[in-house]
Amino acid sequence: MTVSWKRQLRENGFIEVGGFRIELTLENTFMDIDYIPRIAVFWEEDGRWHVLRNSIPKGRTLEEGWDNAVKLLEKIVAGEEKPMFDDPSVERAFLETLRVLISDDFKIR
C-alpha cells in the first residue's frame, strides 16, 4: 500500500526522501508551557539536524499545529515559500530534493 507524503508525515511524524529525514517536532518557548510546531530535518550529507526557521502558526490544538506544519511544507514544495535554514547549502539541497514531492503521484511506500 502506498501513502501520500502528506499523510505519512501527519500520521507517522516523519518522512524520508532523498538524503533527508523530515520530522514534525515541538519547540518549547522559554519559561512558558507553550509548544510551537517545528519541522526538523536530518541531512545525510552533513550528518546534522537542521530546524526549519519558517514561521508555523501554533494552532488552537496540537493537531492543528501539526496540520499547520504540513501546510508550510506544502507551500515550500509548491514554491510558494522559501525554506529558511541556518545554512544556504542545506536550503538548496532541500529544495532540490523536495521537487520529487511536487508530483501528486509521488507516494511513500
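Contact here means heavy atoms within 4.5 Å. The model is predicted: local features need pLDDT of at least 70, side-chain atom pairs count only at pLDDT 80 or more, and totals for chains, interfaces and linings use all residues. Residues are numbered from 1 along each chain as its sequence is written, and side-chain values use heavy atoms, with hydrogens and water left out.

Start with confidence. The predictor's confidence in each residue is its pLDDT, from 0 to 100. The protein chain averages 85. At least 70 is reached by 83% of the residues. Strand β5, residues 48-51, has the highest confidence, at a mean of 96. Strand β6, residues 107-108, has the lowest, at 48. Where pLDDT is low, the predicted coordinates should not be read in detail.

Next, the layout. The protein chain has 3 helices and 6 strands. These are DSSP runs, numbered from the N terminus: helices are H or I with at least four residues, strands are E with at least two. From the N terminus on, the order is β-α-β-β-β-β-α-α-β. Take the contacts between residues at least 6 apart in sequence: 44% of them join residues at least 24 apart.

Burial comes next. Buried means under 20% relative accessible area, exposed means over 50%, and partly exposed lies in between (1.4 Å probe, protein chains only). Of the 109 residues in the protein chain, 37% count as buried. The chain exposes about 6700 Å², and carbon and sulfur atoms supply 50% of that area. Accessible areas come from the Shrake-Rupley method with a 1.4 Å probe; for residues, only the protein chains shown count as cover.

Now go to histidine 50. This residue is found in strand β5. Histidine 50 counts as buried because its relative accessibility is 1%. Leaving out residues up to four places away in sequence, histidine 50 touches Ile39, Ala40, Val41, Trp43, Phe85, Asp86 and Val90. With aspartate 86 there is also a polar contact between side chains, at 3.4 Å. A polar contact is a pair of N or O atoms within 3.5 Å; within protein, one must be able to donate a hydrogen and the other to accept it, and residues adjacent in sequence count only if both atoms are side-chain atoms.

Helix α2 spans residues 62-77. Asparagine 68 is found in this helix. At 12% relative accessibility, asparagine 68 is buried. Its contacts, not counting residues up to four places away in sequence, are Ile56, Pro57, Lys58 and Gly59. Leucine 62 also lies in helix α2. This leucine is partly exposed, because its relative accessibility is 47%.

Turn to the charges. The structure holds 9 salt bridges. Each is a side-chain nitrogen of Lys or Arg within 4 Å of a carboxyl oxygen of Asp or Glu. One of them pairs glutamate 74 with lysine 6, the closest N and O atoms being 3.2 Å apart. This pair links distant parts of the chain: glutamate 74 sits in helix α2, lysine 6 in helix α1 (residues 5-12), 68 residues apart. Glutamate 74 is partly exposed at 28% relative accessibility. Lysine 6, at 29%, is also partly exposed.

Glutamate 16 bridges to arginine 21, with closest N and O atoms 2.9 Å apart. Glutamate 16 is partly exposed at 49% relative accessibility. Arginine 21 is partly exposed too, at 25%.

Lysine 82 and glutamate 91 form another salt bridge, at 3.0 Å between the closest N and O atoms. Here the partners fall in separate classes. Lysine 82 is exposed, with a relative accessible area of 53%. Glutamate 91 is buried, at 11% relative accessibility. Elsewhere, salt bridges that share partners join Arg10, Glu63 and Asp67 into one network.

End at helix α1, which holds asparagine 12. Asparagine 12 counts as partly exposed because its relative accessibility is 46%. Asparagine 12 and glutamate 23 are 11 residues apart in sequence. In space, C-alpha to C-alpha, they are 8.9 Å apart.
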